[in-house]
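Here is a walk through the side-chain contacts of one model. Have the viewer open and follow along.

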Amino acid sequence: MVLDKDKKVKLIKEVLEWSRDIAIAVVIALLITRFVITHTVVPTGSMIPTIAIKDHFIINRVPLYFTDPKPGEVVVFHHDKELIKRVIAVPGDLLDIKDGDVYINNEKLDEPYLNEPHSTYPFFMDEIEFPLEIPEDMYFLMGDNRNNSEDSRYFGMINRKDIYAKSGLRIWPLNRIGFLK
């Protein structure tokens, strides 16, 4: 099939327009997943029963551009890899752990989300001494499955700049779809 010059020019313009539209769509998708929302899969059981292994989430980055994480919120952060934990203590808090119970500013923390009764925590880093005052820009994060969670008791406090999203919409498994509370 031989195309005349006008048809060739028209075809080239159409291919260029499609290429431009596809490139714009890819850039927009990359920007959205980098700065607005993204997908994550939970790799461990450290948040059981709140979050199961291999639960899939659409997480929201936007709120943490404008506010800091609050106690009790479940956040996503970088610590060698992407992890998800609950905020236990924020800057200025006095954190203590006694007989398996968590105290914030000398008040026992009510933790109905825990997987099982408190036990002694085997993961304490040698450098952590309680009570501990949480410094500026630092957060103490723990898993809901305390007896099986490597968290701030293990790897230390997390800097605010490493916390980049709040947990969001669970999209898998289908029988557990919904927003995390």
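**Side-chain contacts**

Asp101 is buried, with a relative accessible area of 13%. The model is predicted. The cut-off for buried is under 20%, so Asp101 at 13% falls in that class. Its partner is Lys108: the two side chains meet in a salt bridge, 3.7 Å from N to O. Lys108 counts as exposed, at 51% relative accessibility. The cut-off for exposed is over 50%.

Side chains of opposite charge can pair when their charged atoms come close. In this structure there are 11 salt bridges. Another of them joins Lys98 and Asp96, at 3.8 Å from N to O. Asp96 is buried at 14% relative accessibility. Lys98 is partly exposed at 41%.

Lys98 has a further contact. Its charged end sits over the ring of Tyr103, 5.0 Å from the ring centre. Arg86 has a contact of this kind with Tyr113: the charged end sits over the ring, 3.8 Å from its centre.

Go on to Asp162 and Lys161. They form a salt bridge, and the closest N and O atoms are 3.7 Å apart. Asp162 is partly exposed, with a relative accessible area of 24%. Lys161 is exposed, at 66%. Elsewhere, salt bridges link Asp55, Arg170 and Arg176 in a network.

Now the rings. A pair of aromatic rings is described by the distance of the centres and the angle of the planes. How many aromatic pairs does the structure hold? It holds two. Phe77 and Phe155 form a tilted one, with 6.1 Å between centres and 55° between planes. Phe77 belongs to strand E3, residues 74-79, and Phe155 to helix H3, residues 152-155. The pair therefore ties together parts that are 78 residues apart in sequence. Phe77 is buried, with a relative accessible area of 0%. Phe155 is buried too, at 15%.

Phe130 and Phe140 form an edge-to-face pair. Phe130 lies in the loop between strand E7 (107-108) and strand E8 (132-133). Phe140 lies in strand E9, residues 138-142. Phe140 is buried, at 0% relative accessibility.

Methods:
Residues numbered from 1 in each chain as written. Predicted model: local features only at pLDDT ≥ 70, side-chain atom pairs only at ≥ 80, totals over all residues. Heavy atoms only, no water. Phe/Tyr/Trp six-rings, centres within 6.5 Å; stacked < 30°, edge-to-face > 60°. Helix = DSSP H or I, 4+ residues; strand = E, 2+ residues; numbered from the N terminus. Buried < 20%, exposed > 50% of the residue type's maximum accessible area, 1.4 Å probe, protein only. Lys NZ or Arg CZ within 6 Å of the ring centre and 35° of its normal. Salt bridge = Lys/Arg side-chain N within 4 Å of Asp/Glu carboxyl O.
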